[in-house]
Amino acid sequence: MRLEIQCEDRIGMIREVLDLFTPYQIDVRLIEVDTLRRCIYCGFSDIAFSKIQKLLAEIRKLDDVEDVKTVAFTPSERETNTLYMLLEALPDGVISVDLKGVITMATELAAEDLQTSVAGLLHQPLQQFIKGVNFAKIPWQSMPAGLSKRIKIRSKTLLLEMKPIWVQGDDGSQTPAGSVIHLKSEARLQRQTQSLKNAPKPINGLDKYHRESVLQSSAMAGLVSQAKSLADLTMPLLFVGQVGTGKRDFIQALFQFWYDNQLERDCQIVMKSAEDIDLADIQALDSFCGWWVIEHIERLKEEVQFALLSWLAKQTDELTSLRSSARLVSLSSLTQEQLIDHATLNKSLYFELSTLVLTMPELARRREDFAGLLEQTLEDICGRYNLALPSISKGALAKLSLYPWPGNLKELHSVCLQTLLANPNKEWQAEDLGLASDNTSLEVVLQEGSLDKTVKAFEAKLLRQLYPQYPSTRRLAKAVGLSHSAVANKLNEYNIALK
């Protein structure tokens, strides 16, 4: 049982309170004073209800006592339990010892490392479990930063990190009062590293799109420049682009770029798929601050479209204090033409949401960026899965570069991941790459009723298939029995040669 006695802070108050416990033969096990809350806490075993009623009445009669009541715990007990919860949540085992090396606190993970129980550790000398370290004779005054040591417990290697506990005296001096010890295993350290790599990357604005190697194409360089100029505006923004081009990631990066320049720091970005949006979401826009992103706008339910159109109609053309601070951003894998002609998308709503438009270029329009994108993708995957960066043969690079990538960046990531996992620590060859349209058949289709155009189309397709096998103009020329200059001109004509 715990009592909380709210009273004035005066000399003799605790003595008067304790005197009242004696007639009831109460053995007080805990006394705690909280000067900030002006409270005294007393802890003892449970007593009969009739006794506690009389005791509370007598305590209230004491001078300067304002209130008394039973509580479930004292502030120090709450803080101690909180500390234990925090320590148990740590990925490493933790032990606390006093200056004599006696264990005063230990977590379950630490007990597991030392192959015993927490109860078996408490109040025991730590040296009993960890040999070779005299914890009672560590000169902490000369090692204020602590020390590290590799130890072995029954064939299990652990890293033991010790830091002193300092208590500040009234004169400001620091006195060692014991130490805190972290027990780290190699397996746990590897898991922590892997968890960090597997965790979603922090949004870092448009930094990843400033990499020179991925901005070689005019399409991507133009998008980044245009996006920056539109970021600070409040009008609705429509962002279109093929499946897998990275629209979602780009919008998140653009929001962070905008957010970093804002004085209002309570803004956020919310991304919802259109089919999951209901009328309550539209009503909540009035109190929302930030970017509200609708994915696949063509899938909005009809009643939601009318509600959103009504909400947009209420917004004034000029920015006023009454206007909502929500900016609507819409994403779609359809083209603007397809959205306009879409059977279920309200045209009036479409034109409201497409006040400003950005288009994410597909990978086919970013040929100049491919080498940089491939490098960036491999770095991300290898970092996440703890793999070595592969070397890529010229033939494999040619095959990757000439592939049309209908799945865009998503397909590039999938192909790289599968190839890395299937061919660890091996130079990539053209035959290692499993691409969706990877086949050896060469169909002949008449081109515009012209034999000359049909022959050229067949020749381009043949050279595009042969080039990864003979990835240089000289090797290809030798293979097909033509001069080096003739093959070079054909590769240039059909836009096949690597740049």
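Modeller: Start with a pair of residues: D369 and R366 are both buried. Keep in mind that this is a predicted model.

Colleague: What do D369 and R366 form?

Modeller: A salt bridge. The closest N and O atoms of D369 and R366 are 3.0 Å apart.

Colleague: How many salt bridges does a search of the whole structure find?

Modeller: The search finds 17. One of them joins the side chains of K314 and D286, at 4.0 Å from N to O. K314 lies in helix 10, residues 302–314, and D286 is in the loop between helix 9 and strand 12, so the pair ties together parts that are 28 residues apart in sequence.

Colleague: Is K314 buried or exposed?

Modeller: K314 is exposed, because its relative accessible area is 53% and the cut-off for exposed is over 50%. D286 has 46% relative accessibility, so D286 counts as partly exposed.

Colleague: Which residue meets K426 in a salt bridge?

Modeller: D432 does, with 2.7 Å from N to O. K426 counts as partly exposed, at 35% relative accessibility. There is also a network: salt bridges that share partners link E8, R38 and E66.

Colleague: Stay with R38. Where is R38 found?

Modeller: R38 sits in the loop between strand 2 and strand 3. The phi of R38 is positive, near 55°, and R38 is not a glycine. R38 counts as partly exposed because its relative accessibility is 30%.

Colleague: Which other residue has a positive phi of about 55° although it is not a glycine?

Modeller: Q25. The loop that holds Q25 runs between helix 1 (13–21) and strand 2 (28–34). Q25 has 76% relative accessibility, so Q25 counts as exposed.

Colleague: What do helix 1 and strand 2 each supply?

Modeller: Each supplies at least two residues of a nonpolar surface patch. The patch is made of I14, L18, I31 and V33, and together they have about 280 Å² of accessible area. I31 lies in strand 2 and counts as partly exposed, at 39% relative accessibility.

Colleague: How many bridges join strand 12 to strand 13?

Modeller: Seven, and these two strands run parallel. The bridge partner of C289 is S325, in strand 13.

Colleague: How many bridges join strand 8 to strand 9?

Modeller: Eleven, and strand 8 and strand 9 are antiparallel. I165 is opposite G178 in strand 9. Their hairpin has five residues between the strands, where G172 takes a positive phi near 90°.

Colleague: One more spot. Where is L435 found, and what does L435 touch?

Modeller: L435 is in the loop between helix 15 (408–422) and helix 16 (451–466). Leaving out residues up to four places away in sequence, L435 touches K399, Y403, W405 and V415. The C-alpha atoms of L435 and V415 are 7.2 Å apart, with 20 residues separating the two along the chain. L435 counts as buried because its relative accessibility is 9%.

Colleague: Last one. How many helices and strands does the protein chain have?

Modeller: There are 18 helices and 14 strands. The chain has 499 residues, and 39% of them count as buried. The protein chain exposes about 28200 Å², with 52% of that from carbon and sulfur atoms.

Terms used: Residues are numbered from 1 along each chain as its sequence is written. This is a predicted model: local features need pLDDT of at least 70, side-chain atom pairs count only at pLDDT 80 or more; totals for chains, interfaces and linings use all residues. Side-chain values use heavy atoms; hydrogens and water are left out. Helices (H or I, at least four residues) and strands (E, at least two) are DSSP runs, numbered from the N terminus. Buried means under 20% relative accessible area, exposed over 50%, partly exposed in between (1.4 Å probe, protein chains only). Two strands pair if DSSP finds at least two bridges between them. Contact means heavy atoms within 4.5 Å. Patches are made of residues with over 30% relative accessible area and no salt bridge: like charges are joined within 9 Å, nonpolar side chains (Val, Leu, Ile, Met, Phe, Trp, Tyr) within 5 Å. Accessible areas come from the Shrake-Rupley method with a 1.4 Å probe; for residues, only the protein chains shown count as cover.
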